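Here is a short tour for anyone who likes to read contacts and accessibilities alongside the coordinates. Please keep the viewer open while you read.

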Amino acid sequence: MASINSQIYHERQKLQFCLIHSLNNLFQKKETFTRASLNEISENLVLDETEKQTWTPLSVLFKPHHNALTGNYDINVLIAALEGKGKSVIWHDRRNGASSIDLDGPEEDALMGIVLNIPVKRFGGIWSSRHWVTLRKIGGIWYNLDSDLVSPKAFEDTLEVREFLDSMIGLGGEVLLVMNNKQ
């Protein structure tokens, strides 16, 4: 397993750029997305909005879809980034739990991977935020590619993946299924 694990691409967390790391981990390639590319997507989303927000001095840092200094990109950026790569996103209905997700299909089939948006507390619980995490099946094994982990964590089987997803849903996490669009 060590040889398989060493072949898995895994970016580590920097500031609040977890969406960049999550997407690159999903695509298994460095710089599939960069800070510049996600910032551009964020700015294009603002241009497309019909209702413009009022400018304040804080608008320089706190953009509608991200923080200019630290990242912290929102769901709209995730969806636009994935659609730009020919993928689609399905927001999983949390009332159904993880048992309704087909985790056993072939890797090249419809489900590319899973992106989670989970609540986190840092600095002794005084700062609350959300964190993007990717799960992906590679070589027939599901991995947790969380950028906060030192290395990818292999799940034992799909039951363990479902238990993990259900625990994240129970903590207030959102489950987003990234689908390969079949031509």
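Which residues does M179 touch, not counting residues up to four places away in sequence? With contact meaning heavy atoms within 4.5 Å, M179 touches K87, S88, I90, A110, L111 and M112.

Before going further, a word on the ground rules. This is a predicted model, in which local features need pLDDT of at least 70 and side-chain atom pairs count only at pLDDT 80 or more, while totals for chains, interfaces and linings use all residues. Residues are numbered from 1 along each chain as its sequence is written, and side-chain values use heavy atoms, with hydrogens and water left out.

**The chain as a whole**

The chain has 5 helices and 6 strands; helices (H or I, at least four residues) and strands (E, at least two) are DSSP runs, numbered from the N terminus. Their order along the sequence is α-α-α-α-β-β-β-β-β-α-β. Of the 183 residues, 44% count as buried, where buried means under 20% relative accessible area with a 1.4 Å probe and protein chains only as cover. The exposed surface comes to about 10100 Å², of which carbon and sulfur atoms supply 55%; these accessible areas come from the Shrake-Rupley method with a 1.4 Å probe. Among the contacts in the chain with a separation of 6 or more, 62% are between residues 24 or more positions apart.

**Strand β6 and its partner**

Now back to the strand that holds M179. Strand β6 covers residues 174-180, and because 6 of its 7 residues are buried, it is largely enclosed by the rest of the structure. It pairs with strand β1 (residues 87-91) in the antiparallel sense over 5 bridges; two strands pair if DSSP finds at least two bridges between them. Within β6, L177 is the bridge partner of I90. M179 and I90 lie 89 residues apart in sequence, yet their C-alpha atoms are 7.5 Å apart in space.

N180 also belongs to β6. Its side chain is joined to that of K87 by a polar contact of 2.6 Å; such a contact is a pair of N or O atoms within 3.5 Å, where within protein one must be able to donate a hydrogen and the other to accept it, and residues adjacent in sequence count only if both atoms are side-chain atoms.

**The annotated active site**

The unreviewed UniProt entry marks C18, H131 and D146 as "active site", and such annotations may be inferred rather than shown by experiment. These residues span 129 residues in sequence, yet no two of their C-alpha atoms are more than 9.1 Å apart, so they gather at one spot.

C18 lies in helix α2 (residues 18-27). Leaving aside its neighbours within four places in sequence, C18 is in contact with Q13, H131, W132 and S147. D146 sits in the loop between β4 (141-144) and β5 (153-154).

| Residue | Relative accessible area |
|---|---|
| C18 | 3% |
| D146 | 11% |
| M179 | 16% |
| N180 | 17% |

Note on methods:
Buried means under 20% relative accessible area, exposed over 50%, partly exposed in between (1.4 Å probe, protein chains only).
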